[in-house]
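Student: Hi! I'm new to this one, could you walk me through it?
Tutor: Happy to, let's take a look together.
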Amino acid sequence: MTHVIRIAVDCMGGDFGLTATIPAAVNFIKKYADTKILLVGVRSLIEKELKKLSVLPCKQITIISAHEVIQMDDSIDTALRHKRNSSMHLAVQAVKKGDADACLSAGNTGAWMAISRYVLKTLDGIDRPAIATSIPNSTGFATTMLDLGANSDCSSEHLLQFAIMGSALSQIVNHRKNPSIGLLNIGEEIIKGNEVIKTAANLLRASPLNFYGNVEGDDIFKGSVDVIICNGFVGNVALKSIEGLAKMLSELLREEFKKNYYTKIISLIASPILRRFKYRVDNRRYNGAALLGLRGIVIKSHGSADAYTFGFALQRTRDAILSKLLERITQIISKINQQANINKIQEIVHQD
């Protein structure tokens, strides 16, 4: 008997909410007969969207009714304490109870992280979860980068933990046997960076991880290393800059080819190349970032995701379940922690 893959979806989150999550979910179950979607949100609104698509709840669709919705501008305190019957809470609870194999939301990132951490707790040896995703580079592979917004301020120990989780993710997703780790900095020299970065570099050098050294922003696209680590503030700014640049390049190319009769003819001739270029820089294909370090599979979609983009987040969620991401990442983290004896490493560095 084929194992049924169950994904709990917070239908209410994101800029487009139900108009993105419901069509994406419907298209997804049509593609995968072995997948069941738990639609979490206001029942009447979910049923209304399903009716528009001429779809009724069936064995592949279950509605979990939520009476509250966490808004994009809600504080973490409001999300955690005052909206416990929200679609976010119930989606994560479905994973906690074993009703879903993973959960997905495009909503408020801070709230999604806080709720997931509160409900699922963190893995042994991990103090803070981190958001990680893959970014395409010039080598034809992808660079795993974290943290992308979960933790604005991090200690050196947190950055070491991010490196451990990033290494594990790269081994699983990108099939790297011994992923190289880069610490994002303002220069490659050892003397560069603040004290947190310098201490983190010392911790990484003393660990069993394959630490390459400090890297700069352009190394993300060069593919200099398999994994790049940074705090969430820096990572989120970098990610949004990358997305904005890719969008601007596409728009500028479109404008240039539409300028006159001759450029339009050239655009027709170059259309196959332009399509491939657009595909390669299309950040929508990489939608769906894993919240690493939790006792459950939790995926975060871009808040601006439309139905097409949200479909990729669903795909990444399904892939994470099929690859046994949680079990494997737990095993790898445990193995690295045992090899490193992190507490002794920290004592040695602090003594120095």
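Tutor: One term before we start: buried means under 20% relative accessible area, exposed means over 50%, and partly exposed is in between, using a 1.4 Å probe and protein chains only. This is a predicted model, where local features need pLDDT of at least 70 and side-chain atom pairs count only at pLDDT 80 or more, while totals for chains, interfaces and linings use all residues. Residues are numbered from 1 along each chain as its sequence is written, and side-chain values use heavy atoms, with hydrogens and water left out.
Student: Okay, is Arg6 buried, exposed or partly exposed?
Tutor: Arg6 counts as partly exposed, because its relative accessibility is 23%.
Student: And what forms a salt bridge with Arg6?
Tutor: Asp101 does, with the closest N and O atoms 3.0 Å apart. A salt bridge here is a side-chain nitrogen of Lys or Arg within 4 Å of a carboxyl oxygen of Asp or Glu.
Student: Where do Asp101 and Arg6 sit?
Tutor: Asp101 is in the loop between α4 (87–97) and β4 (102–105), and Arg6 is in strand β1 (residues 5–10), so the pair links distant parts of the chain, 95 residues apart. Helices (H or I, at least four residues) and strands (E, at least two) are DSSP runs, numbered from the N terminus.
Student: How many salt bridges are there by this rule?
Tutor: The count comes to twelve. Another of them joins the side chains of Asp34 and Arg318, at 2.8 Å from N to O. Asp34 lies in the loop between α1 (18–31) and β2 (35–41), while Arg318 belongs to helix α11 (residues 307–322), 284 residues apart.
Student: Are Asp34 and Arg318 buried or exposed?
Tutor: Both are buried. For another pair, look at Asp218 and Lys222, whose closest N and O atoms are 3.3 Å apart in a salt bridge. Asp218 is partly exposed, with a relative accessible area of 40%, and Lys222 is partly exposed too, at 46%.
Student: New topic: helix packing. How do you describe two packed helices?
Tutor: By the angle between their axes and the distance between the axes. The axes are lines fitted to C-alpha atoms, for helices over the stretch in contact, and angles run from 0 to 180 degrees between N-to-C directions.
Student: So at what angle do α6 and α7 cross?
Tutor: The axes of helix α6 (residues 156–173) and helix α7 (residues 195–206) cross at roughly 45° and come within 8 Å. That makes α6 oblique to α7. Angles under 35 degrees count as roughly parallel, over 145 as roughly antiparallel, 65 to 115 as roughly perpendicular and the rest as oblique.
Student: Which residues of α6 meet α7?
Tutor: Ser156, Glu157, Leu159, Leu160 and Ala163 do, and among their partners in α7 are Val196, Ile197 and Leu203. Contact means heavy atoms within 4.5 Å.
Student: What about α1 and α2, how far apart are their axes?
Tutor: The axes of α1 and helix α2 (residues 43–52) are 10 Å apart, at an angle of about 55°. α1 is therefore oblique to α2. Leu18, Thr19, Ile22 and Val26 in α1 meet Leu45, Ile46, Glu49 and Leu50 in α2.
Student: Last one: where is Ile242 found?
Tutor: In helix α9 (residues 232–257). Ile242 counts as buried, because its relative accessibility is 18%. Leaving out residues up to four places away in sequence, Ile242 touches Ile135, Ile220 and Phe221.
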